[in-house]
Amino acid sequence: VFSFALSGNTDALGVLSSSAVVSSPTPRTATVNTNAKNGWTVWAKDSSTGLSSATAATTIASTTPGTNSTLVSGTNGYNTGITSSQVGGSGTITVTAPFVGTGTGQGGGLDTSLRALASSNGTANTAVLTIKNNVAIDPTLAAASDYTDTITVIGAGLF
């Protein structure tokens with residue numbers, strides 16, 4: 001048995017400001033339940049390696065994929081941070097190092113390749129990954145109300 005559920009399919013970041021790092025006000029979650037004895041893995045990728053605006057013809061680039069970063073206000077950057085919890089099961093969740101998101105604005109950049117966000121080495125009863133997107137901008141970034149990104153999240157049991 002393997003079940004995988006996302007809490008929603010949008011994550012509105014709200015108004016961006018050059019004076020603060022903006023994080024998901026209502027982070028999305030991915031919940032895993034499985035009896036796969038070898039655990040599970042969750043991956044993600046994004047469509048444009050950043051938040052893109054057609055109106056402004058620009059992209060707020062993701063931080064370097066494969067590395068962890070902490071965004072700084074006043075500097076352009078976009079990343080995804082993951083925290084985890086679990087009600088029960090035999091597995092231990094490991095958030096992949098680039099996506100550890102325990103601090104403000106901390107996480108890893110996504111690109112168009114699938115990147116492992118987290119995994120577990122055993123069964124899971126309500127294993128929850130909290131997915132928080134973070135963005136920082138510099139004061140010269142072109143203003144627009146259509147900065148968007150599409151993130152694809154995939155999960156699989158390791159039977």
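**Close-up 1. Surroundings of A127 and the nonpolar cores.** In this predicted model, A127 touches A30, T31, V32, W40, S85, Q86 and I93, when residues up to four places away in sequence are not counted (contact means heavy atoms within 4.5 Å). A127 is also among the residues with the most contacts inside the largest nonpolar core, which has 17 residues, the others being W40, V42, I82, F99, L117 and L129. A nonpolar core is here a set of buried Ala, Val, Leu, Ile, Met, Phe, Trp, Tyr and Cys residues joined through side-chain atoms within 4.5 Å, where buried means under 20% relative accessible area, exposed over 50% and partly exposed in between, with a 1.4 Å probe and protein chains only. Two or more residues of this core are given by each of strand 3 (28-34), strand 4 (40-46), strand 9 (93-95), strand 11 (115-120) and strand 12 (124-136), and the largest share, 4 residues, comes from strand 12. Strands are DSSP runs (E, at least two residues), numbered from the N terminus. A second, separate core of 9 residues includes V22, I60, V135 and I137.

Residues are numbered from 1 along each chain as its sequence is written. Because the model is predicted, local features need pLDDT of at least 70 and side-chain atom pairs count only at pLDDT 80 or more, whereas totals for chains, interfaces and linings use all residues, and side-chain values use heavy atoms, with hydrogens and water left out.

**Close-up 2. D46, a buried acidic residue in strand 4.** D46 has its place in strand 4 and is buried yet without a salt bridge, the nearest side chain of opposite charge being R115, 9.4 Å away (Lys and Arg count as positive and Asp and Glu as negative, while His and the chain ends are not counted). A polar atom of the D46 side chain lies 2.4 Å from the backbone nitrogen of T49. Leaving aside neighbours within four places in sequence, D46 is in contact with S62, Y78, L110, D111, T112, D149, T150 and I151.

**Close-up 3. The salt bridge between R115 and D111.** The count comes to 1 salt bridge, defined as a side-chain nitrogen of Lys or Arg within 4 Å of a carboxyl oxygen of Asp or Glu. R115 forms a salt bridge with D111, and their closest N and O atoms are 2.7 Å apart. R115 counts as partly exposed because its relative accessibility is 25%, whereas D111, with a relative accessible area of 11%, is buried.

Close-up 4. N68 is found in strand 7 (residues 68-70), and its side chain reaches the backbone oxygen of P98 at 3.1 Å. A polar contact of 3.2 Å joins the side chains of N68 and Q106; such a contact is a pair of N or O atoms within 3.5 Å, of which, within protein, one must be able to donate a hydrogen and the other to accept it, and residues adjacent in sequence count only if both atoms are side-chain atoms. Y78, found in strand 8 (residues 77-88), counts as buried because its relative accessibility is 4%, and a polar contact of 3.0 Å joins its side chain to that of D149.
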